[in-house]
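My notebook is open and the viewer is running. I'll jot down what I look up as I go.

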Amino acid sequence: LNQDHPCYDDPNTFPEFQQRLDQFKTTLLDLVKDKKAASFIRYGDGEYYFLKKHPCGSARPGHRALSKQYNDATFKHDEFLKGVPQNDYVLLDLTPVQHDRFSEIYPSLPVDFPLEYIYGLVSNKWITSTFKGKVGLIGASPKIKLIKKLMEHKEYQDYLGLDKFEDYIEIPQRFACDDIDATEELVASQLKDSNSDIFLFGMGQTKMGLAHKLKDHKNAVYLDVGSSIDALAGIIDHLRPYFGNWQNYRVK
């Protein structure tokens, strides 16, 4: 996400920003209040490269999401390609290049909200404080373990505006895309006894093959917060947009 892009200084880029932000917040509030299931998925560089089978950044085999090569016969690439449109809401950042890249792969799929909303509402603690007592997490095991430790401290609870996260659902840190069916089974086994009405998840490219299926295992709202999970774990890069003032808490 390039916060220095000139489109962010252009008032004509998205003049309905504030109005749509209010609609986004109302949508989340209504879904949770009515206990309806829905999945929100973000789409950016990593997703584009992964779907294009372009070995770049996090989409490079052997780096993060995938240990197999894209042409490996056992890798179900179509599951990820078909998965994105099956989510209830799609979010993109406001830069024109991302909309071009999205339209290249999904020419008829509408974009519902700017993904900037998610980063902003995590960084200002609106999500955690608003859904106090109802929110769970889904993310890579090491980050989830960090968040658990941090949440043992009242200072951190006060910082986020909630006493605890109701559920901690873990997925592998690396190569969760290799066998998306096995990853789904792992998550499903943890969701079956969960209590949250809304889950914040960060799972990289894995989400494209998994996010839309989560509702089958637990009736809840699933919100793709991406690298915001790193913030909650106290390891966010302060150069990331919207997290310049975030406090990375540490425990010994």
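Predicted model: local features only at pLDDT ≥ 70, side-chain atom pairs only at ≥ 80, totals over all residues.

Where does Ser141 sit? I found Ser141 in helix H7, which covers residues 141–150.

Then I looked for its contacts, skipping neighbours within four places in sequence, and got Glu170 and Ile171.

On to the sheet. I traced seven strands in an open sheet, in the order E3-E2-E1-E7-E6-E4-E5, and the pairing is parallel. Strand E3 (113–114) and strand E5 (168–171) are the edge strands, as each pairs on one side only. I reminded myself that strands of a sheet pair through backbone hydrogen bonds.

How many bridges join strand E4 to strand E6? I got five, between residues 135–140 of E4 and residues 198–202 of E6. For one of the residues, I noted the partner: Gly139 bridges to Gly202 in E6. Helix H9 (residues 180–191) packs on this sheet, touching E5, E6 and strand E7 (221–224). The direction of H9 makes about 165° with that of E5.

Last stop, helix H4 (residues 96–105). Which residues are buried there? I listed Gln98, Arg101, Phe102 and Ile105. They lie on the same side of H4 because they cover an arc of only 100° around the axis.

Terms used
Residues numbered from 1 in each chain as written. Heavy atoms only, no water. Helix = DSSP H or I, 4+ residues; strand = E, 2+ residues; numbered from the N terminus. Contact = heavy atoms within 4.5 Å. Pairing = 2+ DSSP bridges. Axes fitted to C-alpha atoms, helices over the stretch in contact; angles between N-to-C directions. Buried < 20%, exposed > 50% of the residue type's maximum accessible area, 1.4 Å probe, protein only. Arc of directions from axis to C-beta.
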